[in-house]
Amino acid sequence: MCFRSGDVKIFIAYSSVAHMAITVMALVNLSGLSVFGVLLISIAHGFRRAGLFNAVNQFYKIRGRRNFTLLPAIGSFAPMFSLGVLLLCLTNRSVPPSLSV
């Protein structure tokens with residue numbers, strides 16, 4: 001559904017809802033470790049999502065669109081920006097040093 005719209009912000013928002021649903025399922029356990037894990041993941045999630053939404057906003061300011069088809073063009077005109085977006089996306093996908101679901 002979110003790929004059909006083509007808007008990157010919608011994709012980030014829907015994946016955010018999915019990640020938070022997983023943390024709510026972990027919170028149902030109500031053990032001390034699960035509550036601590038949910039707290040850590042929620043804080044990391046807030047920073048990560050703020051960074052991704054900020055990156056999409058900067059891309060919108062530069063290109064004027066938030067479309068998936070224009071994302072591969074980031075590396076040609078802003079290589080450091082694309083590196084930052086890549087790192088944010090990797091932490092979103094649970095690369096080992098990050099806190100993600």
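Leu30 counts as exposed, at 65% relative accessibility, where exposed means over 50% relative accessible area, buried under 20% and partly exposed in between (1.4 Å probe, protein chains only). Leu30 is found in the loop between α2 and α3, and its phi is positive, near 60°, in a residue other than glycine. This is a predicted model, in which local features need pLDDT of at least 70, side-chain atom pairs count only at pLDDT 80 or more, and totals for chains, interfaces and linings use all residues. Residues are numbered from 1 along each chain as its sequence is written, and side-chain values use heavy atoms, with hydrogens and water left out.

**Chain overview**

- The chain has 5 helices and 0 strands, and its elements run α-α-α-α-α from the N terminus on.
- Helices (H or I, at least four residues) and strands (E, at least two) are DSSP runs, numbered from the N terminus.
- Of the 101 residues in the chain, 27% are buried.
- The chain exposes about 6600 Å², with carbon and sulfur atoms supplying 71% of it; accessible areas come from the Shrake-Rupley method with a 1.4 Å probe, and for residues only the protein chains shown count as cover.
- Among contacts (heavy atoms within 4.5 Å) between residues at least 6 apart in sequence, 60% join residues at least 24 apart.

**Confidence**

- The average pLDDT of the chain is 80, and 86% of the residues score at least 70; pLDDT is the predictor's confidence in each residue, from 0 to 100.
- Confidence is lowest in helix α1 (residues 2-5), at a mean of 58, and highest in helix α3 (residues 32-63), at 86.

**Helix α3: span and packing**

- From its first C-alpha to its last, α3 reaches 46 Å with 32 residues, close to the 46 Å expected at 1.5 Å a residue; the expected span of a helix is 1.5 Å times one less than its number of residues.
- The buried residues of α3 pack against α2 (8-27), α4 (74-77) and α5 (79-92).
- Among these buried residues are Ser34, Val38, Ile41, Arg48, Arg49, Leu52 and Phe59.
- An α-helix has 3.6 residues a turn, so residues three or four places apart point the same way.
- Gly64 follows α3 and has a positive phi, near 85°.

**Individual residues of α3**

- His45 lies in helix α3 and is buried, with a relative accessible area of 7%.
- Not counting residues up to four places away in sequence, His45 touches Ser16, His19 and Met20.
- Leu40 also lies in helix α3, where it counts as partly exposed at 33% relative accessibility.
- Gln58 has its place in helix α3 and is partly exposed, with a relative accessible area of 31%.
- Gln58 and Phe81 are 23 residues apart in sequence, and their C-alpha atoms are 9.2 Å apart in space.

**Surface patch**

- Leu33, Phe36, Leu39, Leu40, Ile43 and Phe47 form a nonpolar patch on the surface, with about 660 Å² of accessible area together.
- Patches are made of residues with over 30% relative accessible area and no salt bridge: like charges are joined within 9 Å, and nonpolar side chains (Val, Leu, Ile, Met, Phe, Trp, Tyr) within 5 Å.
- A salt bridge is a side-chain nitrogen of Lys or Arg within 4 Å of a carboxyl oxygen of Asp or Glu.

**Helix α5**

- The end C-alpha atoms of α5 are 20 Å apart, which agrees with the 20 Å that its 14 residues should span at 1.5 Å a residue.
- Thr91 lies in helix α5 and counts as partly exposed, at 27% relative accessibility.
- Thr91 and His45 are 46 residues apart in sequence, and the distance between them in space is 9.5 Å, C-alpha to C-alpha.
- Ser94 follows α5 and has a positive phi, near 70°.
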